[in-house]
Amino acid sequence: MQALTPEENRDVQAHLDECAYCRAALSESFVDLAVIGMSAEQRALPEGARERLMERIAKTPQEPVVTPRAVTEFPAREERDQGFGWLGWVAAAAALAIAAYLGYGNFKLKEQLSENRGQIALLAAQADRAQELTDALTSPAAKQVTLTESKQPALPVGHATYLSKRGALIFVASNLRPVSADKTYELWLIPANGKAPIPAGLFRPDASGSASVILPPLPEGVEAKAFGVTIEDAQGSTTPTLPIVMAGQ
Amino acid sequence: MPQDFPNPNNEALRSSHRTTVNTNGADDMGLLTRIQSGDQEAMSALFDRYGTMVYSVALRVLKDTGEAEDVMQEIFVQMWKNPSAFVSGRGSLGGWLVVVARNRSIDVIRRRRFSEPVELFALPSSTNLAQEAERNSLLEKIRGVMLSLPVEQQKSVELAFFEGLSHSEISEKTGDPLGTVKTRIRLALITIRKALNV
């Protein structure tokens, strides 16, 4: 049986529980083993072997007897080792508290995650909308139409939408006269506090005379008195060069 | 059915497994009962009865007096701790101890954990070695039978029993065909059983 793996041993034992013939055959084998073992030449015990064994026996506690149908009885609460019993309860209570805390934390995290996901979805939708707006305003394929009261030739016109709190500006212009290659139109924000005009972006008209400036970098919180457009060198300017070709407030 | 395994339903064969030696099985059981109550004198008596036999088997396998004593001690300490491991009615305590000694010694050789299955199997109520005289007589007889076996059979049996080799391992070691090894061992066992009427 020592040649078998633990798994094989279990299988064999399971079979032996069912098969009387094999049990008998195995018993026969054990008889053989016992007989052969007894053929070993009998040798005297080492000096003091008996004393050493009995000394060890004296120090070795016997295992409690478990009867075949004995029910394992758990000691009454008051009989348990008080030295470690209360510690066990404390440890269990601590474990429960930690588990509850972690569980609550987990719940809150999940809640936060759910909220974040909602916000992300909203922001994504808003971003899509903003992109859509930008595309509509700036796309070369978008048609720019200037409506006038009469059939007069359309004059250059611009329309600025500005949100001072965020420094957000959208400027759309049409019917612009072309400028030479070394020149550009430049938009200016004229602060209401009388300070110097703030550059608000460069633009050149396309073939149809349309142009736009979308969300140029502007400081936040600057109230605008008016907006103006000048013609500058291609690289732009930090101060407007007169004349102002377009203005509005 | 394998021919070398007797039919357990054969009443005559079962009765032939009992030796003609007069034995007093109650002696062993009596000692075990007292040991169970914590009687160290009973433990001492049990050791006097079977200590030499257990030690001799261990020494034959291990060929080292220190290790053999260790194995012997472990067996008797275990017996002290749990005398009920040998269930009453399971047959010869002496035979059981011999098999346990052999198995534990093989475990030491193979550096494995101690095997346990021997304790779970019943030995038939045959050989009982409680009486010293009958015990010595039987041991002499067995030894004589073993020595009378053909050398190849004796060698195969000893390799299997005292060195714990499987048939395949014996075949590999001796260079003999596996079938030959199996046949030799089977024939040796048949001879031993016939000679001892077990």
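Chain B contains nine helices and zero strands, and read from the N terminus its elements follow the pattern α-α-α-α-α-α-α-α-α. Of the 198 residues in chain B, 39% are buried. Among its contacts between residues at least 6 apart in sequence, 68% link residues at least 24 apart.

Chain A has 249 residues, of which 17% count as buried. When contacts in chain A with a separation of 6 or more are considered, residues 24 or more positions apart account for 56% of them.

Chain A has a mean pLDDT of 79, with 67% of its residues at 70 or more. Within this chain, confidence is highest in H3(A), at a mean of 95, and lowest in helix H4 (residues 82–138), where the mean is 65. Over residues 70–83 of chain A, pLDDT stays under 50, and the model has two contacts beyond four places in sequence for this stretch. Where pLDDT is low, the predicted coordinates should not be read in detail.

The two chains meet through 38 residues of chain A and 55 residues of chain B. On the side of chain A that touches chain B, the elements giving two or more residues are helix H2 (20–38) and H3 of chain A. H2(A) supplies the largest share of that side, 16 residues. Sorted by class, the side of chain A that touches chain B holds 23 nonpolar, eight polar and seven charged residues.

One helix pair between the chains can be followed residue by residue. Two packed helices are described by the angle between their axes and the distance between the axes. For helix H3 (residues 49–59) of chain A and helix H3 (residues 40–62) of chain B, the axes come within 11 Å and cross at roughly 145 degrees. The crossing of H3(A) and H3(B) is right-handed. On the H3(A) side, the residues that meet H3(B) are A:Arg50, A:Leu53, A:Met54, A:Ile57 and A:Ala58, and their partners in H3(B) are B:Gln40, B:Met43, B:Ser44 and B:Phe47. By class, the residues of this contact comprise six nonpolar, two polar and one charged.

Attention now turns to the nonpolar cores. The largest nonpolar core has 59 residues, and the members touching the most others are A:Met38, B:Val54, B:Ala58, B:Ile75, B:Leu97 and B:Ala101. H3(B) gives the most to this core, twelve residues. Setting aside residues up to four places away in sequence, B:Ala58 touches B:Ala68, B:Val71, B:Met72, B:Ala101 and B:Ser105. A second, separate core has 16 residues, among them A:Ala173, A:Phe203, A:Ala211 and A:Val229.

B:Gln153 lies in helix H7 (residues 151–162) of chain B. This residue counts as buried because 20 other C-beta atoms lie within 10 Å, and 20 or more is the cut-off for a buried residue. Beyond its neighbours within four places in sequence, B:Gln153 is in contact with B:Arg184, B:Leu187 and B:Ala188. B:Gln153 and B:Ile185 are 32 residues apart in sequence, while their C-alpha atoms are 6.0 Å apart in space.

Technical notes: Residues numbered from 1 in each chain as written. Chains lettered and ligands numbered in written order. Predicted model: local features only at pLDDT ≥ 70, side-chain atom pairs only at ≥ 80, totals over all residues. Axes fitted to C-alpha atoms, helices over the stretch in contact; angles between N-to-C directions. Helix = DSSP H or I, 4+ residues; strand = E, 2+ residues; numbered from the N terminus. Left-handed = near helix turned anticlockwise from the far one by under 90°. Contact = placed C-beta atoms within 7 Å. Nonpolar A, V, L, I, M, F, W, Y, C, P; charged D, E, K, R; others polar. pLDDT = per-residue confidence, 0-100. Buried ≥ 20, exposed ≤ 12 C-beta atoms within 10 Å, placed from the backbone. Core = buried A, V, L, I, M, F, W, Y, C linked by C-beta atoms within 7 Å.
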